[in-house]
Amino acid sequence: MAGLTSEDGLCARVVAKLALPRVVARSAEPRPGFSALRERNFRIFLTGQTISLAGFWMQSVAQSWLVLELSSSPTALGLVNALHTLPVLLFSLYAGSLADRFDKRKVMLILQVALALLTLFMAVLASSGSIRLWHIYLLVLALGFLNTIDVTFRQAILSELAGKDSLANAISMNTMVFNLARIVGPSIAGVVISAVGTIPCFYINAASYLAVAIALLALDKSKMQTTVLSSDAPRQSPTQATLEGLRYIWGRAELIRPLVLMAVLSAFVINFNTIIPIFSRQDLRLDARGLGFLMASLGAGSFCSALLLAAMGRKKPSLTWMYSGALALPLLLLIAGLQSVFPLSCLLFFGIGFSTIAFSNSCNAFLQLKAEDRFRGRVISAFYLVFGGVTPIGSLISGAVTQKWGVRPYMVAAGLIGVCASGLAVAGYLKKEKSRLLIDLGPR
């Protein structure tokens, strides 16, 4: 060994750095795939989620179709989607401060009842034949406000149900059932709308909220790893708590970088509820069943991505998955905008769904695991602020551009913007990884 040169020593350290840890990891650490399912509370909650989300996606398709039947206007559809996500922009950070303060289970029970009643009211209006666009605008805005709080609480409660060691797996499993519902819900909705119209989808969704309520009532509270602040913690107003959370996030570059990239892609690329119905109706000349297939293709790709992430059983999210998904997502949307063949469109939207979840799921898990327990709700709310909160801007832009120039030019332009943003982020990530490796392998 005394005769080794410095170059030989560097090569040896490279081998030790890159090869040995992988061998040890494979022999010493079992693959914890689907580890979150070991917890009874998480299994119960996940079952309720699956039923409720299937109903949500049925209504999402029916609602888009109903708007187009009433107006035949892409701008109107864009406005509906903007109103649904506008509360995320206005209230998501506030919802995060609530999730860090109050009992998540109790608040969620109240939310399920309120969501069910509002959805039932929309169903009754549609059944009577008196529903108008302005009714939909107001009800969608109200539902969006409640959903903003509900989604934040549903994410924040995962660590209490599955534990921090299985949090990344729980997020993947939760995303998996979300996208399983995205496959099942639109497929059923397409058949139901073709057979009997949009109205039954609203009634089904209203009833589906009961599944989450029943699951919450069945949880074993003694086994929940609560993260609510203790009663002797300093009391803050919601505004103070929100500002404290923003200062916490702003002071950590590892949290800011993925949030900025998510904001750009959400504003210009992830506008599927506006893009797909218009693309289906105007360019592919499909009926409601064809729209259901396109939405199901998107959901199938998302489901497969989440299933793969859950089966991999990582305790920590992969940044390679995150940035690869961020780059593939706008590139596939760009390609989709250059063609108008139905089978190819289904394949491309499958890839778009896969890439979306590879990026968003890894980003979500990364942010939650990087956050301190007392700030987790507010970090989650910041994620949903940029994931869904900027969507109203994107929905209005996509609706207006599509109205004037068509949906395919918008898809191409949005894809180009997304590719540029993701390319810069990937280049920065690779530069950082190269610098880290050089530091690790430097002189000793």
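**Entry 1: helix 3 and helix 8.** I began with helix 3 (residues 40–71) and helix 8 (residues 167–196), whose axes are 7 Å apart and pack at an angle of about 40°. Helix 3 is therefore oblique to helix 8. I noted the handedness as well: helix 3 passes helix 8 in a right-handed crossing. By class, I found 21 nonpolar, four polar and one charged residues in this contact.

**Conventions.** The model is predicted: local features need pLDDT of at least 70, side-chain atom pairs count only at pLDDT 80 or more, and totals for chains, interfaces and linings use all residues. Residues are numbered from 1 along each chain as its sequence is written, and side-chain values use heavy atoms, with hydrogens and water left out.

I also wrote down the cut-offs.
- Helices (H or I, at least four residues) and strands (E, at least two) are DSSP runs, numbered from the N terminus.
- Axes are lines fitted to C-alpha atoms, for helices over the stretch in contact, and angles run from 0 to 180 degrees between N-to-C directions.
- Under 35 degrees is roughly parallel, over 145 roughly antiparallel, 65 to 115 roughly perpendicular, and the rest oblique.
- A crossing is right-handed if the near helix is turned clockwise from the far one by less than a right angle, and left-handed if anticlockwise.
- Contact means heavy atoms within 4.5 Å.
- Nonpolar covers Ala, Val, Leu, Ile, Met, Phe, Trp, Tyr, Cys and Pro; charged covers Asp, Glu, Lys and Arg; the others, Gly among them, are polar.

**Entry 2: Q49.** I stayed on helix 3, where Q49 is found. Is Q49 buried or exposed? With a relative accessible area of 2%, Q49 is buried (under 20%; exposed is over 50%, partly exposed in between, with a 1.4 Å probe and protein chains only). Leaving out residues up to four places away in sequence, Q49 touches R154, N174, V177 and V212.

**Entry 3: helix 4 and its partners.** I then took helix 4 (residues 74–99) against helix 12 (residues 272–283). Their axes come within 9 Å and cross at roughly 155°. The two helices are therefore roughly antiparallel, and their crossing is right-handed. Helix 4 contributes P74, L77, G78 and N81 to the contact, while helix 12 contributes N273, T274, P277, I278 and Q282. I sorted these residues into four nonpolar, five polar and no charged.

Next I checked helix 4 against helix 10 (residues 238–250). Here the axes come within 9 Å and cross at roughly 100°, which makes helix 4 roughly perpendicular to helix 10. L93, Y94 and S97 of helix 4 meet P238, A241, T242 and L246 of helix 10. The classes are five nonpolar, two polar and no charged.

**Entry 4: F359.** I moved on to helix 15 (residues 342–370), which holds F359. F359 counts as buried, at 1% relative accessibility. Setting aside neighbours within four places in sequence, I listed its contacts as L261, M262, L265, W321, M322, G325 and A326. I also looked at L329: it is 30 residues from F359 in sequence, and the C-alpha to C-alpha distance is 8.5 Å.

**Entry 5: the whole chain.** How many helices and strands does the protein chain have? I count 18 helices and zero strands. Of the 444 residues, 54% are buried. Among contacts between residues at least 6 apart in sequence, 87% join residues at least 24 apart. The accessible surface comes to about 19,500 Å², and 67% of that belongs to carbon and sulfur atoms.

Technical notes:
Accessible areas come from the Shrake-Rupley method with a 1.4 Å probe; for residues, only the protein chains shown count as cover.
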